Amino acid sequence: ISIASGRSVSLQGLTIENHRGRADVQVDGTARIVGCTLGPGDDVGLEAASGSVVDVERTRVTGNAVGGVTVAGGYTIGNVVVDHNGTGVDLGAAPGTFAFDTVVANGGDATHAGVQCGAAATAIASSIVLGNAPAPGAQVSASCDAATSMTTGNAGFDADGFHLGRRSPLIDGADCAAAPLGALDFDGDARPIGVRCEIGADERP
């Protein structure tokens with residue numbers, strides 16, 4: 001799917017996969033992507049050009065050979081799972097919000113961490129960034145501020161690799177005031193279920 005400059009499109013509840021040689025979703029305009037699955041594919045899951053604006057909520061980006069999410073324009077990315085892609089998330093220098101996301105089991109190289117930030121002190125808030133290559137020590141780039149996120153240790157996932165198990169140390173680990181996009185998690189469950197919000201895309205029932 002290609003969204004041209006000057007166009008505004010909302011995608012909801014779609015599975016978009018197997019776009020050979022191009023991104024599953026290519027944005028040059030404005031896009032709101034809610035409850036979708038992007039991938040698998042042989043390129044990038046979501047690619048947003050400079051000058052674009054993307055709002056991505058409760059979406060999974062998975063199994064894309066080149067990379068998960070590459071954003072050069074403005075962005076709000078919340079309650080999103082990015083897993084098993086060639087690389088994880090590449091955020092450009094434009095301002096945006098990245099919070100309550102789970103970025104796990106993606107590939108990488110010397111210049112691509114799990115989350116790569118193009119501007120100094122880009123906040124990676126209340127998110128999980130774990131198990132992305134190369135490991136250890138390269139889960140977020142030096143320009144990311146991941147002080148409220150988990151980038152080392154054991155998240156205590158269930159068998160699917162991104163939902164939290166009942167003994168996860170991330171349960172009630174986040175300030176709910178930081179939750180973007182209407183306080184719903186990846187599955188559409190309300191935040192919080194317990195005393196505080198969970199770190200990452202999943203609010204454990």
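Reader: Where is the place of Pro 40?

Author: Before answering, please note that this is a predicted model, in which local features need pLDDT of at least 70, side-chain atom pairs count only at pLDDT 80 or more, and totals for chains, interfaces and linings use all residues. Residues are numbered from 1 along each chain as its sequence is written, and side-chain values use heavy atoms, with hydrogens and water left out. Pro 40 sits in the loop between strand E6 (37-38) and strand E7 (44-48), where strands (E, at least two residues) are DSSP runs numbered from the N terminus.

Reader: What kind of peptide bond joins Gly 39 and Pro 40?

Author: Most residues other than glycine have a negative phi, and most peptide bonds are trans. The bond between Gly 39 and Pro 40, however, is cis, with omega about 5°. Another cis bond joins Arg 191 and Pro 192, with omega about -5°, and Pro 192 lies in the segment after strand E19 (144-145).

Reader: Which value does phi of Ala 121 take, and is Ala 121 buried or exposed?

Author: Phi of Ala 121 is near 60°, which is positive although the residue is not glycine. Ala 121 belongs to the loop between strand E16 (115-117) and strand E17 (122-125), and its relative accessible area of 59% makes it exposed (buried is under 20%, exposed over 50%, partly exposed in between, with a 1.4 Å probe and protein chains only). Ser 126 also has a positive phi, near 45°, and is found in the loop between E17 and strand E18 (128-130), but Ser 126 counts as buried because its relative accessibility is 5%.

Reader: How many aromatic pairs does the structure hold?

Author: Rings of Phe, Tyr and Trp (its six-membered ring) pair if their centres lie within 6.5 Å, and planes under 30 degrees apart count as stacked, over 60 as edge-to-face and the rest as tilted. The structure holds 1 such pair: Phe 162 and Phe 186 are edge-to-face, 5.6 Å centre to centre, with 85° between the planes. Both residues lie in the segment after E19, 24 residues apart, and both are buried.

Reader: What does the side chain of Ser 141 reach?

Author: It reaches the backbone nitrogen of Cys 117 at 2.9 Å. Ser 141 lies in the loop between E18 and E19 and counts as buried because its relative accessibility is 12%. Leaving aside neighbours within four places in sequence, Ser 141 is in contact (heavy atoms within 4.5 Å) with Ala 113, Val 115, Gln 116 and Cys 117.

Technical notes: Helix = DSSP H or I, 4+ residues; strand = E, 2+ residues; numbered from the N terminus. Polar contact = N/O pair within 3.5 Å; in protein donor to acceptor, adjacent residues only side chain to side chain.
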